[in-house]
Amino acid sequence: MRDTWPLLNKIPFPAIRRGQLQTLQVNVGYRCNQSCVHCHVNAGPNRTEEMDAATADLVIEFLERQRVATLDITGGAPELNANFRRMVTAARDMAAKVIDRHNLTVQEQPGQEDLPEFLAANQVEIVASMPCYLQDNVDKQRGKGVYDGSIRALKRLNALGYGREGSGLTLNLVYNPLGPALPPPQAELEADYKRVLGERFGVRFNSLFTLANMPIQRFGAILLSQGQFDSYLTRLQHAHRAENLDGVMCRSLLSVDYRGYVYDCDFNQMLDLPLSRGARERLHLRDLFDDDISNNPIRVAGHCFGCTAGQGSSCGGALKEAAE
Ligand code: SF4
Ligand code: SF4
């Protein structure tokens, strides 16, 4: 697979610094029951990288020491990691909010039969990928049968109260374009999703997050092989809005890999751009137990235009909408 980093590294991006740490985003490994075309993690069933129990302990200790408000768990399919449920319950015991980046179909994997009930019992916020409300587009991007499996999973979550106003159980969906285009306006697309999924399946959810595809990993390699890398980057750069710089997720989030090393965001993690602090080349979570990293410079390059183009993209959806 061709690497886009040498090209991204040549593209300048405005200097930005970290704000107060609010979210610890933990990538527990790259194993996934799916292998989606756009996956910026390059995850799949054959990946073996996994967070071990000792590193999960460090995550829990870090949350406690730094009193981080939110634990955001991602992968791969994070629920396949043996330490997933332990981290969730430990964070909830500290009254931290927990977000699960959930691919829906993992509910039908062996051993995950009670996953929806576990998530509901711990009031875990679910952020689930659903790149379209139409079957063809979902199966094209995420694999045959994924749409039907996703609808079954959404119905199970709805039956537990997820997506119902006042239930305290939040279910958000994530849309990303199929190809090298910017996402359409979030509010309009959310209305379409609610109408189509509601009318056809009785499915309900809270919000739709629209995200641009990042020109890295599998999607980046496809752009290169199809000769579309330069035009996509130009499109992102032309759509850059300086006002989005304030809301990019790296300002308030610290990303941790399955070994415990830290990065400014999950995209930098995938590009192997460690958080830079002083002379240290690579920092581990344990190095930051008692450190305040606010005001630290963020490592930026051409891929960052994926976060600031148009309405902007963050792990909480469009920045423009989020600010409204
Ligand atoms: S479900 Fe998510 S982590 Fe798994 S391959 Fe698809 S995009 Fe990647
Ligand atoms: S990719 Fe986005 S979140 Fe990551 S460092 Fe760049 S601007 Fe920040």
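**Reading pockets, cavities, strands and rings**

Modeller: Let's start with the second largest pocket, whose lining residues divide into five nonpolar, three polar and four charged. Keep in mind that this is a predicted model.

Biologist: Which residues line the second largest pocket?

Modeller: Its lining is made of Tyr30, Val41, Asn42, Arg47, Gln217, Asp257, Tyr258, Arg259, Tyr263, Gln269, Met270 and Asp272. The space in this pocket comes to about 170 Å³.

Biologist: And the cavities? How many of 30 Å³ or more does a search of the whole structure find?

Modeller: A cavity is a space where a 1.4 Å probe fits but cannot get out. In this structure, the search finds three cavities of 30 Å³ or more. The volume of the largest cavity is about 700 Å³.

Biologist: Which residues lie nearest the centre of the largest cavity?

Modeller: Those are His38, His40, Thr74, Ser129 and Leu211, out of a lining of 35 residues. By class, that lining holds 16 nonpolar, 16 polar and three charged residues.

Biologist: Which element gives the most to the lining of the largest cavity?

Modeller: Strand β4 does, with three residues. At least two lining residues come from each of β3, β4 (125–129) and α10 (266–270).

Biologist: Where does ligand 1 sit?

Modeller: Look in the largest cavity, for that is where ligand 1 sits. Around ligand 1 you will find Cys32, Gln34, Ser35, Cys36, His38, Cys39, Ala43, Gly76, Asn103 and Arg142. Sorted by class, this shell has four nonpolar, five polar and one charged residues. Notice that His38 is in the shell of ligand 1 and also among the residues nearest the centre of the largest cavity.

Biologist: Where does ligand 2 sit, then?

Modeller: Ligand 2 sits in the second largest cavity, which holds about 110 Å³ of space. Of the 15 residues lining this cavity, Cys250, Cys265, Val300, Cys304 and Cys307 are the closest to its centre. The lining divides into 11 nonpolar, two polar and two charged residues.

Biologist: Which residues surround ligand 2 itself?

Modeller: They are Val248, Met249, Cys250, Cys265, Phe267, Asn268, Ile298, Arg299, His303, Cys304 and Cys307. By class, eight of these are nonpolar, two polar and one charged.

Biologist: Now the strands. In what order do they form the sheet?

Modeller: To read a sheet, follow the strands from one side to the other. Here eight strands form an open sheet, running β6-β5-β4-β3-β2-β1-β7-β8, with mixed pairing. At the edges are β6 (207–210) and β8 (262–263), each pairing on one side only.

Biologist: In what sense do strands β2 and β3 pair?

Modeller: Strand β2 (residues 70–74) pairs with strand β3 (residues 97–102) in the parallel sense, over four bridges. In one of these strands you can find Asp72, whose bridge partner in β3 is Ile99.

Biologist: How many aromatic pairs are found in the whole structure?

Modeller: A pair of aromatic rings is described by the distance of the centres and the angle of the planes. The search finds nine aromatic pairs here. One of them joins Tyr193 and Phe205: the rings are edge-to-face, 6.4 Å centre to centre, with 80 degrees between the planes.

Biologist: Why does this pair tie together parts that are 12 residues apart in sequence?

Modeller: Because Tyr193 lies in helix α7 (residues 186–201), whereas Phe205 lies in the loop between α7 and β6.

How values were computed:
Residues numbered from 1 in each chain as written. Chains lettered and ligands numbered in written order. Predicted model: local features only at pLDDT ≥ 70, side-chain atom pairs only at ≥ 80, totals over all residues. Heavy atoms only, no water. Near = heavy atom within 4 Å. 1 Å grid on protein atoms, 1.4 Å probe; cavity = no way out; pocket = protein on both sides within 12 Å on 5 of 7 lines; lining within 4 Å. Sits in = over half its atoms within 2 Å of the grid points. Nonpolar A, V, L, I, M, F, W, Y, C, P; charged D, E, K, R; others polar. Points joined across faces, edges and corners; volume = space filled by probe spheres on them. Pairing = 2+ DSSP bridges. Phe/Tyr/Trp six-rings, centres within 6.5 Å; stacked < 30°, edge-to-face > 60°.
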